[in-house]
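Please look over the sequence and the structure shown here before reading the report.

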Amino acid sequence: TFLGWFFFEWGRVLGELKRFFELFTPEELRHLLEQSWKMRKALLTWPAGKLKDAPSLLSSVHILLAEWIFGKGNWENPLPDPPVANPRNIKQCYASDQYTSAQGLQGFRRIREDVDDIDANGGFGFIDVNTAVVGLLKDLEDNQLADGEADYKNVKSLEEYFRNSLGWMPFFDSQIMPVVVLRKPNLDIGGLILFRLLFLYTPFCFATFWNPQCTKVSLKRLRPMARTVMQ
């Protein structure tokens with residue numbers, strides 16, 4: 001069912017990719033195709049815990065997908081540690097409600113660091129929408145925030161914050177692919193054109209329909225999540 005749905009939608013995916021590249025000017029497309037681009041480190045979200053008696057080679061599907069897309073080791077979790085240090089059951093492995101606001105702040109600062117670097121030096125950013133980090137910010141105390149961070153407590157989503165507070169503009173949105181692309185004007189450094197693009201994507205676990213309580217995938221469950229199949 002999963003692969004069938006994927007190939008059923010494949011034509012529309014190609015159409016969306018074509019629409020994305022048509023948003024660039026002919027000159028920009030020439031730069032995109034002629035220059036070599038290094039994949040920057042992608043920002044995921046948070047790592048699931050692992051039971052003590054789990055097989056040593058057991059790996060998260062989230063990581064497997066990230067390494068297939070971005071390259072081995074070319075990713076990072078803004079929340080670097082599992083929510084529970086030594087989980088005793090599956091529920092604790094995925095208990096993201098155990099993260100503290102202080103951890104959320106550190107995660108958000110890591111995301112800001114990446115976005116600010118792209119803003120200043122150009123590049124393509126690949127950033128999970130990270131509702132886990134964003135959801136922790138509302139509980140911050142004023143004394144936890146540094147100068148210029150007062151508005152962190154009011155962040156509702158990364159896309160909204162990047163657009164309203166950091167000046168990124170909407171560039172591409174798709175009903176087929178679970179990604180939103182934001183953009184700032186290109187940098188021109190001595191004739192070298194540097195693009196500035198942020199790709200905000202839905203967590204990979206959505207594409208695999210995984211959550212700790214889900215043991216079966218029915219057609220009823222598949223239909224409302226069709227968009228994430230294309231991830």
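## Basis of the model

This is a predicted model, in which local features need pLDDT of at least 70 and side-chain atom pairs count only at pLDDT 80 or more, while totals for chains, interfaces and linings use all residues. Residues are numbered from 1 along each chain as its sequence is written, and side-chain values use heavy atoms, with hydrogens and water left out.

## The chain as a whole

The chain contains 10 helices and six strands, where helices (H or I, at least four residues) and strands (E, at least two) are DSSP runs numbered from the N terminus. Of its 231 residues, 42% are buried; buried means under 20% relative accessible area, exposed over 50%, and partly exposed in between, with a 1.4 Å probe and protein chains only.

The accessible surface comes to about 13,500 Å², and 58% of this belongs to carbon and sulfur atoms; such areas come from the Shrake-Rupley method with a 1.4 Å probe, and for residues only the protein chains shown count as cover. Among contacts (heavy atoms within 4.5 Å) between residues at least 6 apart in sequence, 69% join residues at least 24 apart.

## The nonpolar cores

A nonpolar core is a set of buried Ala, Val, Leu, Ile, Met, Phe, Trp, Tyr and Cys residues joined through side-chain atoms within 4.5 Å. The largest one has 27 residues, and Phe 108, Ile 111 and Trp 168 are among those with the most contacts inside it. At least two residues of this core are supplied by each of α5 (101–121), α6 (131–137), α7 (158–166), β5 (179–189) and β6 (192–201), and α5 gives the largest share, five residues.

A second, separate core of 22 residues includes Ala 66, Phe 70, Val 181 and Ile 193. Returning to Phe 108, its contacts, leaving aside neighbours within four places in sequence, include Val 133, Leu 137 and Tyr 161.

Asn 77 lies in the loop between β2 (75–76) and α4 (90–93), and Asn 77 counts as buried because its relative accessible area is 11%. Its side chain reaches the backbone nitrogen of Trp 46 at 3.4 Å, and, not counting residues up to four places away in sequence, Asn 77 touches Leu 44, Thr 45, Trp 46 and Pro 47.

Leu 14 is found in helix α1 (residues 2–21), and Leu 14 counts as partly exposed because its relative accessible area is 42%.

Note on methods: Polar contact = N/O pair within 3.5 Å; in protein donor to acceptor, adjacent residues only side chain to side chain.
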